[in-house]
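Please examine the sequence and the model shown below. The paragraphs that follow lead through selected parts of it, one after another.

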Amino acid sequence: MTQTCGFVAIVGRPNVGKSTLMNHILGQKISITSRRPQTTRHQVMGIKTEGDAQFIYVDTPGIHLLEKDRNKAINRFMNQAATQALRDVDCVIFIIDRTRWTAEDQVVLERLATVEAPVILAVNKVDRLNDKSTLLPWLDEVRGRREFAAIVPIAAKHGTNVAELEAEVAKYLPESVHYFPDDQVTDRSLRFLAAELVREKIMRQLGDELPYQMTVEIEEFREEGKVTHISALIMVERQGQKKILIGDRGERIKKIGRDARLELERIVGTKVMLNLWVKVKRGWSDDDRALKSLGYDLD
C-alpha cells in the first residue's frame, strides 16, 4: 500500500488544550501540561505511525497578545515559535475553548489567513459546557469566520471525538515515505524532556505564586549502570522568587524534586538521582542572548 506522511501544526491561544490533545493522540506524555497559560514554550514534535500513515504533530506555544509585561523577549519567542510551525505544514488543527471567542483567538485566526494548508477547527472541552444546546448554534456562527476543512467538537482530556479528529487529519496527509522510524514518538531528547518535566512540576506546585520568569536547564544527564544522574538548574529573576521556590526549610523544592523524579523514572526506565538547585539571574527572560544560551532558539 502507498505510504502517507505529513506535518500537522496544533495552534491556538494559551491554555486551550493543545498539549493535552497531542499527549492523548500519542498515548503518552510528550508535552508538559498545567492549568497555567503558556506552559508550552517550544515547538514539540509528536510522531504517530499507524500502518502506512505517519502523523507528525507539532505542538506549539499559545499565540497571545503582547501587552505590558507580556512583551518580553520570551513572549516574543513563543509567538514566533508558534507562527514558524505554520510554515510548510500539510494540515493545521486550530483549537478553541468551547463557545468562547477571545481577542487572542482572533489573533490566531488572523495568523492563519495566509496559511494555504487546510485548517481543521477543534472545539475543545465541550464536556464542560453547562448547556449543550448552545453548541450547534455556536458552530453555525463560527463557520462564518473562515472556511474550515472540518469542525470537530472534542474533549481532549477524555479522548472524546479525538479519533474523529485524527480521521479528518488523515485526509490531508500526502503520499510520502515515513520521515521517522515507526517506533519513534518525538524529536526531543530525554535531556529536553527532563527539563520540561521539572518545569511542569514547579508550575503545578506553585500555580500563580511564581511568575513566568522561571526556566530549567539540565546541567548533567549521565547514565551509570542502572542509575541516571540528572542535575537541573532552576533559574529565576529575583531573590524573593528563589525563596518561594525553595519553601520553608526546603520542603517545596523537595516535593518538586520527588514528583519530577518519579515521573522521570517511568520515562527513562531506570532509577533516577535528581539534584535541583536554584539560581537568580536578573532579566534573563527579556535578554535575547540569554534566551538563546538557554535553548530558546528558533534555529
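Does Lys125 count as buried or exposed? In this predicted model, Lys125 lies in the loop that connects strand E5 (119-124) to helix H4 (135-142). Its relative accessibility is 14%. Because buried means under 20% relative accessible area, Lys125 counts as buried. The surroundings of Lys125 can be described residue by residue. Apart from neighbours within four places in sequence, Lys125 is in contact with Asn15, Val16, Asp97, Arg98, Ile154 and Ala155.

Within H4, the residues Leu135, Trp138, Leu139 and Val142 are buried. Viewed down the axis of H4, these buried residues fall within an arc of 100°, and therefore they line one face of the helix. The face turned away from this buried side carries Leu136 and Asp140, which are exposed. Among the elements that cover the buried residues of H4 are strand E4 (91-97), E5 and strand E6 (150-153).

A further part of the model concerns two other helices. The axes of helix H1 (residues 18-26) and helix H5 (residues 162-170) come within 11 Å and cross at roughly 85°. Because of this angle, H1 is roughly perpendicular to H5. Where the helices meet, H1 contributes Leu21, His24 and Ile25, while H5 contributes Val162, Leu165 and Glu166. Sorted by class, this contact comprises four nonpolar residues, one polar residue and one charged residue.

Technical notes:
Residues numbered from 1 in each chain as written. Predicted model: local features only at pLDDT ≥ 70, side-chain atom pairs only at ≥ 80, totals over all residues. Heavy atoms only, no water. Axes fitted to C-alpha atoms, helices over the stretch in contact; angles between N-to-C directions. Helix = DSSP H or I, 4+ residues; strand = E, 2+ residues; numbered from the N terminus. Parallel < 35°, antiparallel > 145°, perpendicular 65-115°, else oblique. Contact = heavy atoms within 4.5 Å. Nonpolar A, V, L, I, M, F, W, Y, C, P; charged D, E, K, R; others polar. Buried < 20%, exposed > 50% of the residue type's maximum accessible area, 1.4 Å probe, protein only. Arc of directions from axis to C-beta.
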